[in-house]
Amino acid sequence: MKSPVVKRSIVVAGHKTSVSLEEAFWNGMKEISGLRNMTLSELVGEIDNNRQQGNLSSAIRLFVLDYFKTRANGSAHEIKAQL
């Protein structure tokens, strides 16, 4: 059975590193970086610079989760305001 985790190489701050994430998180990262007009490497570099602890893959998962959670909460507040 194929693992849902995908390992990819990415350049962060001029250094090549490997990051293992589920495909859904890679897709989320691509969406976020596109909306911010950034490359995937730039976004991962930003996450890497701002992480408090843990490994990079975990920091990315938490970032993507928080991004979409915040976006969903914003949509919910907009819908309530319209009612």
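## Terms and model

A residue is called buried under 20% relative accessible area, exposed over 50%, and partly exposed in between. Phe68 has a relative accessible area of 26%, so this residue is partly exposed. The model is predicted.

## Fold and surface

The protein chain has 3 helices and 2 strands. Read from the N terminus, the order of elements is β-β-α-α-α. Of contacts between residues at least 6 apart in sequence, 41% join residues at least 24 apart.

Of the 83 residues in the protein chain, 23% count as buried. The accessible surface of the chain is about 5,900 Å², and 53% of that surface belongs to carbon and sulfur atoms.

In soluble globular proteins, nonpolar side chains tend to be buried together. Here the largest nonpolar core has 15 residues, and those with the most contacts inside it are Val19, Met29, Val44, Ile47, Ile60 and Phe63. Two or more residues each come from β1 (5-12), β2 (15-22), α1 (23-35), α2 (40-50) and α3 (56-82). The largest share, 5 residues, is from α3.

Neighbours within four places in sequence aside, Ile60 is in contact with Val19, Leu21, Met29, Val44 and Ile47.

## Aromatic side chains

The structure holds 1 aromatic pair. The ring centres of Tyr67 and Phe68 are 5.0 Å apart and the planes stand at 85 degrees, so the pair is edge-to-face.

Phe25 has Arg61 over its face, at 6.0 Å from the ring centre.

Methods: Residues numbered from 1 in each chain as written. Predicted model: local features only at pLDDT ≥ 70, side-chain atom pairs only at ≥ 80, totals over all residues. Heavy atoms only, no water. Core = buried A, V, L, I, M, F, W, Y, C linked by side-chain atoms within 4.5 Å. Buried < 20%, exposed > 50% of the residue type's maximum accessible area, 1.4 Å probe, protein only. Helix = DSSP H or I, 4+ residues; strand = E, 2+ residues; numbered from the N terminus. Contact = heavy atoms within 4.5 Å. Areas by Shrake-Rupley, 256 points an atom, 1.4 Å probe, with all protein chains shown as cover. Phe/Tyr/Trp six-rings, centres within 6.5 Å; stacked < 30°, edge-to-face > 60°. Lys NZ or Arg CZ within 6 Å of the ring centre and 35° of its normal.
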